[in-house]
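Hello,

Here is the structure I promised to pass on to you. Please have it open beside this note, and read on below for what turned up in it.

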Amino acid sequence: MSLKSDLDRAAIEAGFTRMAICRPDAIPQAADRLGAFVDAGRHGQMGWMAERMGWRGDPTALWPEARSVIMLAESYAPKHDPLAILQQRDHAAISVYAQGRDYHDIVKKRLKRVGRWLLEQCPDEQIKVFVDTAPVMEKPLAAAAGLGWQGKHTNLVGRHLGNWVFLGAIFTTVDLEPDAPEVDHCGSCRACLDICPTDAFPAPYQLDARRCISYLTIEHKGPVDDELRAKMGNRIYGCDDCLAICPWNKFAVEATEMRYFGSRAPEPLADLAALDDTAFRARFSGSPIKRIGRDRFVRNVLYAIGNSGDASLVTAAQDHCEDPDPTVADAARWAVGRLSGAGGPLG
Ligand code: B12
Ligand code: SF4
Ligand code: SF4
């Protein structure tokens, strides 16, 4: 057996769904595309995307000694229809990836386990592991390694993976044989582009993050534009619409890690709006949601209340009209106005 096939087995044993390899110089187009994205301001308030662009756009600059990039995907495919909750407008829609334990912790542990295994076989070599937060473009690297292709919604889709996958990377000085890139299988489909509630795709394969509900609920600080908050519906953390509609999910491998799925039923917006800082931290301990803090979370819940069309929620919003956080107070007043019919037609 070769080192590569043993590595593949180690990756599966660690809990990954698939592994594939590319060279660090396999994404020559990425730097220009990242540059165009940032020049157009599409990263919004994610100022960190405009920093260390030389490293982000070019993995060979990030770590010149690296010879191979091992790309790993783990399925978190939901067993239920993630869009069904959008009809329950007085309850919170939380994106599938954030319903249970934080994937960063789980994927990083798995990456380290695979990396340790590799170093046991090659003790003189080195590795570095990355998931999400480093200046590494995981989607183009995964596509170059052949895990799938970047769909028109810009996420990685695989023929046997679908698009409900987390990505992680191990850079290493070990020289491993690269895999062939996957070709694009989107064809004439444009379901993800058409379903987007905020029209966040200026063109196929391109996202304007400033319009994406995932960005607006997780990354954007301060008030959201009135036009966009009215389109957020009851999505209070992330958005799954463009992922859920992709036909390739029919062939997706099931998730095996149950910690990604929360055990709670969808929660009423009124209960979530009432969380103070202490209650928020306790409720979302171990969840990625904790990162956005109570104020941004309650802002999102208040937008959802404003979009609910449920007049019985006016009191839950009124309670926050004098909130010490001006963005929360603004969201509360907007919600009260909307539920009283003063904020224009409900979406
Ligand atoms: C910044 C970021 C975001 C931002 C911006 C997203 C974006 N599309 O750029 C926001 C906050 C909006 C976001 C949202 C989400 N994210 Co996010 N995010 C990232 C992060 C940190 C960087 C992505 C990045 O580099 N963007 C910059 C742009 C320029 O790069 P790009 O998206 O690859 O853009 C490419 C295309 O535009 C393409 N392109 C441009 N023009 C053309 C033309 C043609 C013809 C072609 C073919 C291609 C093409 O080239 C670009 C470079 O490859 C990565 C983790 C990482 N370190 O890579 C996670 C990551 C992409 N996110 C992830 C997830 C799960 C999500 C959400 C699904 C979460 C949710 N449910 O709410 C949503 C999906 C929204 C969407 N439709 O993309 C996963 C995606 C896994 C996968 N299957 O691909 C990642 C990889 C995290 C992880 N480790 O698993 N995210
Ligand atoms: S995550 Fe939602 S808002 Fe963002 S691009 Fe996809 S469908 Fe549009
Ligand atoms: S929904 Fe259609 S266009 Fe969008 S990524 Fe999936 S196959 Fe491609």
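This is a predicted model: local features need pLDDT of at least 70, side-chain atom pairs count only at pLDDT 80 or more; totals for chains, interfaces and linings use all residues.

D132 is not a glycine, yet its phi is positive, at about 70°. Most residues other than glycine have a negative phi. D132 has 15 C-beta neighbours inside 10 Å, so it counts as partly exposed.

You will find D199 in the loop between α7 (191-195) and α8. Is D199 buried or exposed? With 12 other C-beta atoms within 10 Å, D199 is exposed.

Now for the overall layout. The chain is divided into domain 1 (3-79 + 99-172) and domain 2 (191-241 + 264-339). Taken over C-alpha atoms, the centres of domain 1 and domain 2 are 29 Å apart. Twelve residues from domain 1 and 15 residues from domain 2 take part in the contact. On the side of domain 1 that touches domain 2, there are seven polar residues, four charged and one nonpolar.

Where does ligand 1 lie? Both domain 1 and domain 2 give residues to the shell around ligand 1, so this ligand lies between them. There are 37 residues around ligand 1, and the ones that come nearest are E138, N155, L156, S214 and G238. Two or more residues of this shell come from each of α2 (30-39), α6 (138-145), β7 (165-172), α8 and α10. The largest share, four residues, is given by α2. By class, the shell around ligand 1 holds 22 nonpolar, nine polar and six charged residues.

Around ligand 2 you will see H153, C196, P197, T198, A200, L207, C212, I213, S214, C239, D241 and C242. At least two residues of that shell are supplied by α8 (213-218), and at least two by α10 (241-244). Eight residues of the shell around ligand 2 are nonpolar, three are polar and one is charged.

Ligand 3 is surrounded by 13 residues, of which G151, C186, C189, C192 and C246 are the closest. Its shell is made up of nine nonpolar, two polar and two charged residues.

Let me turn to the strands. All five of the five residues of β1 (residues 18-22) are buried, so this strand is largely enclosed by the rest of the structure. From β1, R18, A20 and C22 point one way, while M19 and I21 point the other way. Strand β1 runs antiparallel to β2 (residues 68-75), and five bridges join the two. One pair to pick out on screen is I21, whose bridge partner in β2 is I70.

A73 also lies in strand β2. Why does A73 count as buried? It has 25 other C-beta atoms within 10 Å, and a residue is buried if 20 or more lie within that distance. Leaving aside neighbours within four places in sequence, the contacts of A73 are F16, T17, R18, A142, L147, G158, L161, V165 and L167. R18, one of these contacts, is also among the buried residues of β1.

Last comes helix α15 (residues 326-339). Its 14 residues should span 20 Å at 1.5 Å a residue, and the end C-alpha atoms are 20 Å apart, which agrees. Which residues of α15 are buried? They are V328, A331, A332, W334, A335, V336, R338 and L339. Among the elements that cover these buried residues are α13 (293-307) and α14 (314-318). Just after α15 comes G341, with a positive phi of about 85°.

That is the tour, and I hope you enjoy looking around.

Best wishes

How values were computed:
Residues are numbered from 1 along each chain as its sequence is written. Chains are lettered from A and ligands numbered from 1 in the order in which they are written. A residue is near a molecule or strand if its C-beta atom, placed from the backbone, lies within 6 Å of it. Ala, Val, Leu, Ile, Met, Phe, Trp, Tyr, Cys and Pro count as nonpolar, Asp, Glu, Lys and Arg as charged, and the others, Gly among them, as polar. Two strands pair if DSSP finds at least two bridges between them. The expected span of a helix is 1.5 Å times one less than its number of residues. Two residues are in contact if their C-beta atoms, placed from the backbone, lie within 7 Å. Domain bounds come from an automatic or database domain assignment.
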